[in-house]
Amino acid sequence: MESFHVDILAAACSFYAGPCVSLVVPTPDGKRGVQANHCNMIAAITPGELSYTLPGERPRLAAVSSGLIKIEDGRVLVLVETAERPEDIDKNRAQRVADVAREAMLQKMSRREYLETQAQLARSINRLRVKHHAEQLND
């Protein structure tokens, strides 16, 4: 399979830069796949599971937050707020954060606080989903 160059950048660090044969990103319209010679485009990325395959390897997963993907002249740039490998996700901590967020949403709070708590819950659920999916792939 032909490869292309991808840069996956999170706000805090460069997550991955190098050759890739397949990339799947979560978008508002569903998952969108990218392979070599993809047409130029820009799209929003929603929180979810990103999958990327390096030449000769099995797909790798990452939990990503919102951002964007830009494909131009055969190069792919993924900019997200956060990107985490499944092995870096602490399952128990993510579950605790989700539980606390669920409980907080039942309390009386301002609209802003509610939306922030809702986003925190969505991030935790996404992290748990990616961790679980990665564990299934490795079994």
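Me: Which residues are linked into a cluster by ring pairs?
Reply: This is a predicted model, in which local features need pLDDT of at least 70, side-chain atom pairs count only at pLDDT 80 or more, and totals for chains, interfaces and linings use all residues. Residues are numbered from 1 along each chain as its sequence is written, and side-chain values use heavy atoms, with hydrogens and water left out. Rings of Phe, Tyr and Trp (its six-membered ring) pair if their centres lie within 6.5 Å; planes under 30 degrees apart count as stacked, over 60 as edge-to-face and the rest as tilted. The cluster that ring pairs build consists of F15, Y16 and Y52.

Me: Are F15 and Y52 buried or exposed?
Reply: The classes rest on relative accessible area (1.4 Å probe, protein chains only): under 20% is buried, over 50% exposed, and in between partly exposed. By this scale, both F15 and Y52 are buried.

Me: Which residue is the bridge partner of L23 in β6?
Reply: Two strands pair if DSSP finds at least two bridges between them. Strand β3 (residues 22-27) and β6 meet this with three bridges in the antiparallel sense. Within β6, L23 has as its bridge partner Y52.

Me: Which strands stand at the edges of the antiparallel sheet?
Reply: This open sheet has five strands in the order β4-β3-β6-β7-β10. Two of them have a single partner strand each, so one side of each is left without a neighbour in the sheet: β4 (30-34) and β10 (83-84).

Me: By what angle are neighbouring strands of the mixed sheet turned against each other on average?
Reply: Five strands form this open sheet in the order β2-β1-β9-β8-β5, with β2 (14-20) and β5 (41-45) at its edges.

Me: Which residue in β9 stands opposite H5?
Reply: Strand β1 (residues 4-10) and strand β9 (residues 75-80) pair in the parallel sense over six bridges. In β9, the residue opposite H5 is R75.

Me: Which element gives the largest share of the lining of the largest pocket?
Reply: The largest pocket has a volume of about 290 Å³, and P59, L61, P86, A134 and N138 are the closest to its centre of the 13 lining residues. Two elements give two or more residues to this lining, β7 (60-64) and α2 (111-138). The largest share, five residues, comes from α2.

Methods:
On a 1 Å grid over the protein atoms alone, a cavity is a set of points where a 1.4 Å probe fits but cannot get out, and a pocket is an open set with protein on both sides within 12 Å along at least five of seven lines; lining residues have an atom within 4 Å of a point. Grid points are joined across faces, edges and corners, and a volume is the space filled by probe spheres set on the points. Helices (H or I, at least four residues) and strands (E, at least two) are DSSP runs, numbered from the N terminus.
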